[in-house]
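Please read this report alongside the sequence and the coordinates.

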Amino acid sequence: MKLTKLMGCMAITSALLASCSGQNNNATNNGACEKNGINQTIETIKTRRSCRIFNPDSMPSKEVLAQIAEAGTWAPTGMGTQNPIILVVTKKEMRDRIVKMNAKVMGKDSIDPFYGAPCMMIVLSKKEGTTVYDGTTVMTTLMLAAKSLGVESCWIHRAKEEFESEEGKAILKDLGIEGEYEGIGHVALGYANGEIPAPKERKPDYIHWIE
Ligand SMILES: Cc1cc2nc3c(=O)[nH]c(=O)nc-3n(C[C@H](O)[C@H](O)[C@H](O)COP(=O)(O)O)c2cc1C
């Protein structure tokens with residue numbers, strides 16, 4: 001094997017290993033991340049929960065938020081169109097504005113539908129092809145990436161109505177975002193300020209095998 005090719009293989013192997021955090025990790029032959037015999041990706045999927053009790057004073061670092069957002073850009077999209085965009089909102093003024101807009105859609109002006117989360121990511125998706133499907137894969141990827149980095153999250157709905165409003169359109173215009181976008185959802189992000197309830201049992205007829 002040529003030296004450059006060998007070095008390339010070594011770089012890929014070390015990247016795979018580096019993608020698993022913690023001790024006793026190993027990358028198995030098929031690239032799965034395991035720690036103490038437990039697949040870390042599946043563990044993240046199964047242990048992610050919606051957080052509805054955030055510490056408003058505990059903001060994830062910009063570095064962590066950037067990792068979460070970047071992970072979102074790797075979500076699959078129909079025909080690889082990369083229709084979605086992600087707004088990362090850490091500015092309190094804008095966070096509070098979105099919270100108000102969201103509560104207004106609910107018809108409940110005085111509540112915080114974001115449960116005190118200090119920041120959020122908003123996913124919008126270009127109105128072309130598989131718009132909503134593309135946006136939802138990004139939403140899920142963001143929540144799982146957050147979990148893998150110890151950040152709690154909750155999907156908050158009503159982004160569609162928010163960005164159909166004149167105020168929502170003005171926000172996008174101010175950001176220089178042009179074109180037709182549909183609001184898909186918000187991911188409230190932060191650290192928990194209390195216990196997160198245990199999940200419901202999975203329904204028995206979720207999976208149907210056809211063998
Ligand atoms: C499309 C969608 C919209 C959601 N909207 C909200 C919401 O507006 N507020 C909220 O508290 N949770 C919302 N959730 C979170 C769900 O309520 C939550 O995922 C579900 O109860 C299962 O709990 P888990 O996420 O802890 O597994 C939403 C989830 C999805 C997929």
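The text below goes from the sheet to the core, then to the ligand and the loops.

This is a predicted model, in which local features need pLDDT of at least 70, side-chain atom pairs count only at pLDDT 80 or more, and totals for chains, interfaces and linings use all residues. Residues are numbered from 1 along each chain as its sequence is written.

**Sheet**

Four strands form an open sheet in the order E4-E5-E7-E6, with antiparallel pairing. E4 and E6 are the edge strands, each pairing on one side only. On average, neighbouring strands of this sheet are turned by 25 degrees against each other, direction ignored; axes are lines fitted to C-alpha atoms, for helices over the stretch in contact, and angles run from 0 to 180 degrees between N-to-C directions. Strands (E, at least two residues) and helices (H or I, at least four) are DSSP runs numbered from the N terminus, and two strands pair if DSSP finds at least two bridges between them.

E7 (residues 181–190) pairs with E6 over five bridges in the antiparallel sense. E5 and E7 are likewise antiparallel, over eight bridges. Some of the facing residues are listed here.

| Residue | Opposite residue in E7 |
|---|---|
| Lysine 126 | Tyrosine 181 |
| Serine 153 | Leucine 189 |
| Tryptophan 155 | Valine 187 |

A residue is buried if 20 or more other C-beta atoms lie within 10 Å of its own, exposed if 12 or fewer, and partly exposed in between, with C-beta atoms placed from the backbone. Nine of the ten residues of E7 are buried, so E7 is largely enclosed by the rest of the structure. E6 (residues 152–156) is also largely enclosed, because four of its five residues are buried.

**Core**

A nonpolar core is a set of buried Ala, Val, Leu, Ile, Met, Phe, Trp, Tyr and Cys residues joined through C-beta atoms within 7 Å. The largest one has 35 residues, of which Met120, Leu142, Ala188 and Leu189 touch the most other members. Elements giving two or more residues to this core include helix H3 (62–72), helix H4 (92–106), helix H5 (131–148) and E7.

Leucine 142 touches Ile68, Ala71, Gly72, Met121 and Val187, leaving aside residues up to four places away in sequence. Contact here requires C-beta atoms, placed from the backbone, within 7 Å.

**Ligand shell**

Which residues surround the ligand? They are Arg49, Ser50, Arg52, Cys154, Trp155, Ile156, His157 and Pro199, where a residue is near a molecule if its C-beta atom, placed from the backbone, lies within 6 Å of it. By class, the shell has four nonpolar, two polar and two charged residues. Ala, Val, Leu, Ile, Met, Phe, Trp, Tyr, Cys and Pro count as nonpolar, Asp, Glu, Lys and Arg as charged, and the others, Gly among them, as polar.

**Positive phi angles**

Most residues other than glycine have a negative phi. Methionine 79, in the loop between H3 and E4, has a positive phi near 60 degrees. Methionine 79 is exposed, with 10 other C-beta atoms within 10 Å. Arginine 158 lies in the loop between E6 and H6, and its phi is positive, near 75 degrees. Arginine 158 is partly exposed, with 17 other C-beta atoms within 10 Å.

Terms used
Contact = placed C-beta atoms within 7 Å.
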